[in-house]
Amino acid sequence: MERRGRKQDVNGEMTAAVLYGEEDVRIERVPIPQLGDGEVLIKVQVALTCGTDVKVYQRGYHARMIVPPALFGHELAGFIEEVGPGVRGFKKGDRVVALNSAPCQMCFYCSKHQPNLCEDLLFNNGAYAEYIRIPKRIVEMNMLAIPSTVSYEDAAMVEPLACVLRGLHETGVEIGDTVVVIGGGPIGLMFVQVAKAIGCHVVAVVKRDSQVTAARNMGAHDVVQITQVEDPIDAVRMLSRGKRGGDVVIEAVGRPEAWQWAIEMVRKGGTVNFFGGCASGSKVQLDTDRLHYSEITLKATFHHTPETVRKAFALITEKKIRPTDYITGEAPLSRLQQVLHHMLDRNGDIKTAIIPGD
Ligand SMILES: [Zn+2]
Ligand SMILES: [Zn+2]
């Protein structure tokens, strides 16, 4: 088997992060993936840490996306090192961003225009590595060429942004609405920025001092710091028009307590989006009177679709969203374990750019 363009790699090996379990990620030498029909090999230039990765690191698994031991990481951009047989539209050297999944386009859910719920959603992990293999389906459906005016870091933000755009769209939010965002992590902050950009009045509900500053920088009109108020629900209501509560409340924490707050923070006739996935087995008690007589709409959006991926990428290429606001640090791949461990303490870092060595 010939090894085009990577003769410098001894025995066809690369450095990559392998997830073994709870708080156990090791940097190892593993074989460079071999390409099949329609696949490409990307030389990773940047991989971004994500709240999901921090959760996966903490829990040691992800019910839908990853079963250890496995290559790890899913937000990446780089250039094509090699194209497999039958690849059309891409060539060696192209700068690209590849998403972490692609739907099948054939199953029940795909036919119902809910491709994020695809019965055969193909996930791809392994961004924290020198190279990553991109399966045919993702190459064809969810890999995008990066214009020369857009950096790898910016392009790699497309995945979380696509989830956020879809999440906001599904709430039916309108210009002028009061949008309450619970959670000051990267996803919460992205909701703040997008909601502000489309003309909403944004109230951010966060915990840490660093998140107060970050939420303001992203354009939040009001910030409620839960450690500084007696009752976060009251505090949010006081900030809404007529103290009715938010038109839309987005839960971007992934804790049952925050899910319950969301229901109390929304106005009559408003919409809640439970965006943050809780630990499996979590249960939440709901006030049925409130849901019924106040006609609260409950949504829970998961993941992205090829359509929202393209919308998100357009926002990035048009510089409407400032992705580099989210990247608060940079580290070599060899320090991934320390970076993730550090992020468990929610130390003020939003996202870290992980740079694989040569
Ligand atoms: Zn992500
Ligand atoms: Zn499908």
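This report describes the domains, the nonpolar core and some helix and strand contacts of a predicted model.

## Basis of the model

Residues are numbered from 1 along each chain as its sequence is written, while chains are lettered from A and ligands numbered from 1 in the order in which they are written. Local features need pLDDT of at least 70 and side-chain atom pairs count only at pLDDT 80 or more, whereas totals for chains, interfaces and linings use all residues.

## Domains and their contact

The chain is assigned domain 1 (10-157 + 326-355) and domain 2 (162-299), with bounds that come from an automatic or database domain assignment. Taken over C-alpha atoms, the centres of domain 1 and domain 2 are 29 Å apart. Eight residues from domain 1 and eight residues from domain 2 make the contact, where contact requires C-beta atoms, placed from the backbone, to lie within 7 Å.

## The largest nonpolar core

The largest nonpolar core has 108 residues, of which V158, V181, I182, F191 and A262 touch the most other members. Such a core is a set of buried Ala, Val, Leu, Ile, Met, Phe, Trp, Tyr and Cys residues joined through C-beta atoms within 7 Å; a residue is buried if 20 or more other C-beta atoms lie within 10 Å of its own, exposed if 12 or fewer, and partly exposed in between, with C-beta atoms placed from the backbone. Domain 1 and domain 2 both give residues to this core, so it lies between them.

Not counting residues up to four places away in sequence, A262 touches I182, V249, E251, V272 and F274.

I132 belongs to strand β9 (residues 131-134); helices (H or I, at least four residues) and strands (E, at least two) are DSSP runs, numbered from the N terminus. I132 is buried because 28 other C-beta atoms lie within 10 Å. Leaving aside neighbours within four places in sequence, I132 is in contact with I42, V44, L76, G126 and A127. The C-alpha atoms of I132 and E81 are separated by 9.7 Å, although these residues are 51 residues apart along the chain.

In helix α1 (residues 51-59), the buried residues are G51, T52, D53, V56 and Y57, and their cover includes β1 (13-21), β2 (24-31), α6 (186-197) and α12 (336-344). G60, which follows α1, has a positive phi near 85 degrees.

Terms used
Two residues are in contact if their C-beta atoms, placed from the backbone, lie within 7 Å.
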